[in-house]
Amino acid sequence: MSVIELKNICKSFGDTQVLRNVSFSVNKQDVVAVVGKSGAGKTTMLRVMNYLIPPDSGEVYFHGSRVVPNRRVLRTVRSKIGFVFQRFNLIRHLTALDNVAIGLVKVKGMKWIQARELAFSKLKDVGLSDRVNHYPSQLSGGQQQRVGIARALAMEPDLILFDEPTSALDPSLVGEVMSVIRELSSSGTTMVVVTHEMSFARHVANRLVYMEDGRIVYDTTPERFFLSKDERVKRFLNDFLEAV
Ligand SMILES: Nc1ncnc2c1ncn2[C@@H]1O[C@H](COP(=O)(O)OP(=O)(O)OP(=O)(O)O)[C@@H](O)[C@H]1O
Ligand SMILES: [Mg+2]
């Protein structure tokens, strides 16, 4: 059974149709890279997956059950789907430790003392045990993003969604974040990663989803995608290589 499934999702913002009949499912231990030009609908698709954006039509299934937008269901679904944002979204006035712990207290009802213990072990997993008492402003972008990943991991989610986790980073900091994500993928974490890191898409993901104009044009293996003879794909890869 899939962890999450989108069926015939359509979404418009005003007159702009952003998702056109998108169907897509993620199985346990899948590492899906989502690629496509700016404006293709990648972020919107990710946000529909955890119902941060409700679709206009179509259905979302989580472990086979239809997600309906009531508070109890959304709370459960969101506590089981981690989200790692492009711009980290850490709380400025909380330390790294408390940024990770707070979700455990607020969503899981844990006591602070236990939440901090678990938060510490997750920060250790992402190589930040010596930065737990730092505030976001005292951390580099790569470190902030690793706090963001630790925060997602602490909830023990069934699936983690990453939205261009390294695109706000200085190029010299991309490696440390990608290596954490690569480690997670090899330990069996189910994930969907919207990314411009073609090396990740090619060598780490087991599935590659290519979006264009609100549609999933390919849902295939990275090998097939990167060797594709399709002009659209070749153009995308060429433009992309020129841009970097
Ligand atoms: N809240 C919103 N209100 C209006 N239009 C929106 C909103 N969110 C997204 N859009 C539009 O929907 C389209 C798809 O946006 P989306 O952010 O999903 O693209 P993307 O593939 O993630 O692009 P990028 O690679 O630049 O992040 C764009 O044309 C965007 O302007
Ligand atoms: Mg986006």
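This is a predicted model: local features need pLDDT of at least 70, side-chain atom pairs count only at pLDDT 80 or more; totals for chains, interfaces and linings use all residues.
Leaving aside neighbours within four places in sequence, E164 is in contact with Q86, V194, T195 and H196.

E164 is located in the loop that lies between β7 and α6 (171-186). Is E164 buried or exposed? A residue counts as buried if 20 or more other C-beta atoms lie within 10 Å of its own; E164 has 20 such atoms within 10 Å and is therefore buried. One of its contacts, Q86, is 78 residues away along the chain, yet the C-alpha atoms of E164 and Q86 are separated by 5.3 Å.

**The sheet**

Strands of a sheet pair through backbone hydrogen bonds, and the pairing may be parallel or antiparallel. In this model, 6 strands make up an open sheet with mixed pairing, and their order is β6-β7-β8-β3-β9-β10. The edges are formed by β6 (81-84) and β10 (215-220), each of which pairs on one side only. From one strand to the next, the twist averages 15°.

The pair β9 and β10 runs antiparallel, and 5 bridges join the two strands. Within this pair, V209 stands opposite D219 of β10. The sheet also carries a helix: α5 packs on it and touches β6 and β7 (159-163). The direction of α5 makes about 175° with that of β6.

**The helices**

Helix α3 spans residues 96-106, and its buried residues are A96, L97, N99, V100, A101 and L104. These buried residues pack against two other helices, α4 (112-125) and α5 (141-154).

Which residues are found around ligand 1? They are F13, T16, V18, G36, S38, G39, A40, G41, K42, T43 and T44. Two elements, β2 (16-26) and α1 (42-49), each give two or more residues to this shell. The most is given by α1, with 3 residues. The table divides the shell by residue type.

| Type of residue | Number in the shell around ligand 1 |
|---|---|
| Nonpolar | 3 residues |
| Polar | 7 residues |
| Charged | 1 residue |

Conventions. Residues are numbered from 1 along each chain as its sequence is written. Chains are lettered from A and ligands numbered from 1 in the order in which they are written. A residue is buried if 20 or more other C-beta atoms lie within 10 Å of its own, exposed if 12 or fewer, and partly exposed in between; C-beta atoms are placed from the backbone. Helices (H or I, at least four residues) and strands (E, at least two) are DSSP runs, numbered from the N terminus. Two residues are in contact if their C-beta atoms, placed from the backbone, lie within 7 Å. Two strands pair if DSSP finds at least two bridges between them. Axes are lines fitted to C-alpha atoms, for helices over the stretch in contact, and angles run from 0 to 180 degrees between N-to-C directions. A residue is near a molecule or strand if its C-beta atom, placed from the backbone, lies within 6 Å of it. Ala, Val, Leu, Ile, Met, Phe, Trp, Tyr, Cys and Pro count as nonpolar, Asp, Glu, Lys and Arg as charged, and the others, Gly among them, as polar.
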